[in-house]
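Here is a short briefing on a protein model. Look over the sequence and the fold before reading on.

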Amino acid sequence: MNFRPENPVIVQGDKTVLLEVNNDRYEAARDALARFAELEKSPEHIHTYRITPLSLWNAAAAGESGEGIIGALVEFGKYDLPANVRLDILDYVSRYGLLKLVKGDPQEMLHATSLHLVSDDMALIAEIAHHKKTQPFILKALDDRTLVIDPTQRGHLKQALVLIGYPAEDLAGYAEGEALPIQLRETTADGEHFDLRRYQREAVEIFHAYGSARGGSGVIVLPCGAGKTIVGLGALARLQTATLILTTSTVAVRQWIDEILDKTDLMPEHVGEYTGDVKEIRPVTVSTYQIMTYHSKKSDEFPHFALFSERDWGLIIYDEVHLLPAPVFRVTAEIQSRRRLGLTATLVREDGRESDVFSLIGPKKYDVPWKELEHQGWIATAECHEIRLPLPESERMVYAVADERDKYRIAAENPEKLSVIMQLLDKHHEDNVLVIGQYIEQLEMIAHETDAPIITGKTPTREREKLYDAFRNGEQRLLIVSKVANFAIDLPDANVAIQVSGTFGSRQEEAQRLGRILRPKRNGLLAHFYSIVTRDTRDQEFAAKRQLFLTEQGYRYDILYAQELATFEPAMLQAICIADKPKLLMGA
């Protein structure tokens, strides 16, 4: 067996991959692994990844080959690649697209549109025809290589095929949808030059795929602050069709509408808000997941699902697709003839339904590492710090005898965190700061002690917008926010986030919270992300899980202890020099 001590990667037979952090080739290896493996653990010295079928299928859909993946593992490996891992990679990557969904001949059946599942592998077609998970969706076998599929079950079949390990490449095409002439502006309403950035344009073109059946569905993964909304507008302009946009809140709905009117030539009468406050259905309609999943306690029906058929939509955009509620998967399975674009900063879902995003919205089509965009100046350079402090003696016995769920809350609400917050606010008294947490009582106490406004789920939408506007224009430099501010909130001048508690070990939440401060700063300031953690408790364990996503993206945490904070001085200005600084005004 060959041994290359200078390399940082060890691949094991169970398809776990160990990555040595203190190695000169760590960053290059990390970036390579991120394309086809999932990060599971990231302690200080050794990070653990796992190669899974879904990670390989997403890689294959994004253009990675089995040979390319093997080549990366060989290039960075300390030892020879286990033979079974080599074979499994080639096998799983080859499975993507082995089955294809295509339009059939409408004359063959009574349905208006025929759908065929085809493959050159006759044994595989026979297996699918007899498998109990796929049989309900098959109308008949046309020949040894073709199955006729019920077109109304297109999405359900794709879900079943992923479960049995043979994801289909969907080439059946999409309804054109109602025509909608639309152009992107060259100058915004504020008079600023506007153009898509190179990576935004690439994302749109890869999703569109020249209008072929290979395009039209999939997920674009970009950091918060990198302009996912602009990618959505680019897709809308590319397709020229009526579009339904689903996002996370009424505030996010109105931000989408503002961006549409600011950066396209659509008039207000073309753009509708469909929320709890307003019910407008127009050629471009923006709604929330909350209103779509509303139903009365007396019924399991979702009355607002009718919105999916109110117009002849040619495109449906799922903003923050990692938060797509389970009921919306159900209706999405039934509208597979509509183009679908998912936008997200992370494919990680806390409910484990990544495979449903893959099968029903589409595979990952485009992904750019956060650190790469940071290096190019498109998102702010961020310094990440974890500040550890002890649990007070008065709380230790309470913590010791509590059940596991209560242990986390006791540790997360450690009253000593207030002192750390006050020290950080003193060090960042000229900055724009968000204090973010999970528990309302804790946040209300912080708001009282800092004399700062607080935004929670109970804050009326109008009041939220007023406070966000005050923060944007500099009237208010400190906001205390609950998890309602995790998603789709545009606060470009926020440059410090202090996290006092989170949703257990939520990786997606960590990504979203860091994303709140990643808009490029016109004055060149660094962004600072602080996570205040009670050491040797469940709080510290969950913090380690939340940090997995940031490790994937190349961020490292500087760990400080509370007693070290007095002498800590945060860096202020970015260390990098951006040659094309004017670009920071484009594609915001």
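The points below cover salt bridges, a helix pair and a surface patch.

This is a predicted model. The count of salt bridges comes to 34.

**Salt bridges between distant parts of the chain**

- Side chains of opposite charge can pair when their charged atoms come close.
- Glu20 and Lys78 form a salt bridge through their side chains, at 3.1 Å from N to O. Glu20 sits in strand 2 (residues 16–20). Lys78 sits in the loop between helix 3 and helix 4. Lys78 is buried, at 11%, because the cut-off for buried is under 20% relative accessible area.
- Arg35 and Glu64 form another salt bridge, with the closest N and O atoms 2.8 Å apart.
- Arg35 is partly exposed, with a relative accessible area of 36%. Glu64 is partly exposed too, at 23%.
- Glu178 and Arg311 also meet in a salt bridge, at 2.8 Å from N to O. Glu178 is in the loop between strand 9 (168–170) and helix 7 (198–208). Arg311 is in the loop between helix 10 (289–292) and strand 14 (315–318). The pair spans 133 residues of the chain.
- Glu178 is partly exposed, at 25% relative accessibility. Arg311 is partly exposed, at 23%.

**A salt-bridge network**

- Salt bridges link Arg254, Glu273, Asp277 and Glu465 in a network.

**Helix packing**

- Helix 3 (residues 66–76) packs with helix 4 (residues 83–95). The angle is about 150°, and the axes are 9 Å apart. Angles over 145 degrees count as roughly antiparallel, so helix 3 is roughly antiparallel to helix 4.
- The crossing of helix 3 and helix 4 is right-handed.

**Surface patch**

- Met1, Phe3 and Tyr79 form a nonpolar patch on the surface. Together they have about 390 Å² of accessible area.
- Met1 is in the segment before strand 1 (9–11). Met1 is exposed, with a relative accessible area of 78%.

Note on methods: Residues numbered from 1 in each chain as written. Predicted model: local features only at pLDDT ≥ 70, side-chain atom pairs only at ≥ 80, totals over all residues. Heavy atoms only, no water. Patch = residues over 30% accessible without salt bridge, like charges linked within 9 Å, V, L, I, M, F, W, Y side chains within 5 Å. Areas by Shrake-Rupley, 256 points an atom, 1.4 Å probe, with all protein chains shown as cover. Salt bridge = Lys/Arg side-chain N within 4 Å of Asp/Glu carboxyl O. Helix = DSSP H or I, 4+ residues; strand = E, 2+ residues; numbered from the N terminus. Buried < 20%, exposed > 50% of the residue type's maximum accessible area, 1.4 Å probe, protein only. Axes fitted to C-alpha atoms, helices over the stretch in contact; angles between N-to-C directions. Parallel < 35°, antiparallel > 145°, perpendicular 65-115°, else oblique. Left-handed = near helix turned anticlockwise from the far one by under 90°.
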